[in-house]
Amino acid sequence: MMFNVKLFAILAEQIGRSEVELSIATPITAATVKAALQAQFPQTAAVLADCLVAINQTFVSEEHFAPDEVSEIALIPPVSGG
Amino acid sequence: MHYVAIAAQPLDVNALYEKLKAPQFGGIVTFIGTVRQWTDDVETTSLDYTAYTEMAVKELTKLAVEVEAKGANVIIVHRVGHLELTDEAVFVGVAAAHRGEAFKWCEYLIDTVKKQVPIWKKEYDTDKIRWGGPNDVQR
């Protein structure tokens, strides 16, 4: 299924956009989101390895989500606030 | 009552400090992160901070609520936008009954903000531009 995925920081800069539409395998997990970006933008592989995934503004790892449970997906590069 | 924010304007640290004061607290610890010029032999000239603002506010709120449940008052405000040397990037303030807990919780909060809140630094150094600082993972 097609989903909009938010991108930030180095990842947004690499792709030149702050949001992309990706075909993501369901059920949705952190791994399927990352695989979807890598399939469409292979140049992001190195950065993507260090990224976390947020679904509905919460970090996720092994959890599975049905499409209708997902309202927002984001890829989170290593944070550097403070 | 906690106050957390992602701020596009310069931080008014005196006003934030004033918000922490209350009769039940006898110790207020504040941490203010500022833009540093030198990191070893790397010279920084300025920074850009960006955030996933909605999620960052949620994460900051979770942290503030966690510490306030122990009986403190918490303020966390992080800047976004372009910052010059010495500009304030982050304010973390904890008001508690006694100094020991105020120091401990303030350190816990800034350490956790740096690890898990979706905020990013783009550092303009004299040799190159870096995402994160010289001591962070480089690509």
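1. Accessible areas here come from the Shrake-Rupley method with a 1.4 Å probe. By that method, chain A has an accessible surface of about 3800 Å², and carbon and sulfur atoms hold 52% of that surface. Keep in mind that this is a predicted model.

2. Now the overall build. Chain A has three helices and five strands, and along the sequence they come in the pattern β-α-β-α-α-β-β-β.

3. On to the sheet. Strands of a sheet pair through backbone hydrogen bonds, in either a parallel or an antiparallel way. In chain A, five strands make an open sheet with mixed pairing, in the order β2-β1-β5-β3-β4. β2 (19-23) and β4 (58-60) of chain A sit at the edges with a single partner strand each, so one side of each has no neighbour in the sheet. On average, neighbouring strands of this sheet are turned by 40 degrees against each other, direction ignored.

4. Have a look at one pair up close. β3 (residues 52-55) and β4 of chain A run antiparallel, joined over three bridges. Across from A:Val53 you'll find A:Val60 in β4(A).

5. Helix α2 (residues 30-40) of chain A packs on the sheet, where the helix touches β2, β3, β4 and β5 (73-76) of chain A. The direction of α2 makes about 100 degrees with that of β2(A).

6. How does the radius of gyration of chain A agree with that of a compact globule? For 82 residues, such a globule would come out near 12 Å, and chain A has 12 Å, so the two agree. Taken along the principal axes, the C-alpha atoms fill a box of roughly 30 × 30 × 20 Å. Of the 82 residues in chain A, 50% are buried.

Terms used: Residues numbered from 1 in each chain as written. Chains lettered and ligands numbered in written order. Predicted model: local features only at pLDDT ≥ 70, side-chain atom pairs only at ≥ 80, totals over all residues. Heavy atoms only, no water. Pairing = 2+ DSSP bridges. Helix = DSSP H or I, 4+ residues; strand = E, 2+ residues; numbered from the N terminus. Axes fitted to C-alpha atoms, helices over the stretch in contact; angles between N-to-C directions. Contact = heavy atoms within 4.5 Å. Rg over C-alpha atoms; globule rule 2.2 N^0.38 Å. Buried < 20%, exposed > 50% of the residue type's maximum accessible area, 1.4 Å probe, protein only.
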